[in-house]
Amino acid sequence: MLKGVAENAGEFYQHYPRAATIVTVNSNGRKNAMAVAWHCPVSFKPALYGIAIAPKRYTYQMISESRQFAINFMPYEKAEKIAEVGGSSGSFTDKFTEFNLSEDHPTKLDVPILRDAYAAYECKVIDDRLFGDHAWIIGEVVAVHMARDVFKENGILDLNLVRPALYLGGETYCSGDRESIQVYDREKYGKH
Ligand SMILES: Cc1cc2nc3c(=O)[nH]c(=O)nc-3n(C[C@H](O)[C@H](O)[C@H](O)COP(=O)(O)O)c2cc1C
């Protein structure tokens, strides 16, 4: 592998693949959904989840108003839905109607849960800070929705049953290859 070094991160695609998710929000009875690839868990106890949202997104305004959001983890077969909600703005389009987004009921907050998602978190905003051109919004996970049958007993997603939508940057999506699974026990491989 021949490596080079650049001082400017440019398109900043090297950290992909990442799961391509859909963040949903409801503010004053108006619902919206946007594609989000920049997201990350930040704490077990309490369960905290962070999303990076550019303040110019309509969704940002809605999350600031309602102080809640849901993050929906989508199967690879629904990657087109991710491009639909990531390619249009809620300030012009009612994406739930336009893209036929079916919903399940939230249990704790007033946030849309996508029926097509294999898992989703209801999150209550506890922090929102600007870093460069994105806001890092941290939500406390107050409810976890999941299709129980697609997760194994150890909690790990069964790639035989669901392949997650992953994003490679630009307009490119892929999925987890079930043939590539390897299990390395850290107790055995780590030095104690
Ligand atoms: C795959 C994909 C991932 C994206 N990830 C993010 C992200 O992490 N943060 C962000 O601010 N915008 C992201 N976007 C862009 C927004 O989804 C897009 O600007 C959307 O139209 C915003 O909708 P809104 O104006 O209704 O909020 C992404 C777009 C795509 C297609």
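Q: What radius of gyration does the chain have, and why does the value agree with a compact globule?
A: This is a predicted model, in which local features need pLDDT of at least 70, side-chain atom pairs count only at pLDDT 80 or more, and totals for chains, interfaces and linings use all residues. Residues are numbered from 1 along each chain as its sequence is written, and side-chain values use heavy atoms, without hydrogens and water. The radius, taken over C-alpha atoms, is set against a rule of 2.2 Å times the number of residues to the power 0.38. Because that rule puts a compact globule of 192 residues near 16 Å, there is agreement with the chain's 18 Å.

Q: What share of the residues counts as buried?
A: Buried means under 20% relative accessible area with a 1.4 Å probe, protein chains only. Of the 192 residues in the chain, the buried share is 41%.

Q: Among contacts between residues at least 6 apart in sequence, what percentage joins residues at least 24 apart?
A: A contact requires heavy atoms within 4.5 Å. For the chain, the percentage is 60%.

Q: In what order do the 3 strands of the open sheet lie?
A: Strands are DSSP runs of E with at least two residues, numbered from the N terminus, and two of them pair if DSSP finds at least two bridges between them. The pairing in this sheet is antiparallel, and the order is 1-11-12.

Q: Which strands form the edges?
A: Each edge strand pairs on one side only. They are strand 1 (18–19) and strand 12 (172–175).

Key
Buried means under 20% relative accessible area, exposed over 50%, partly exposed in between (1.4 Å probe, protein chains only). Helices (H or I, at least four residues) and strands (E, at least two) are DSSP runs, numbered from the N terminus.
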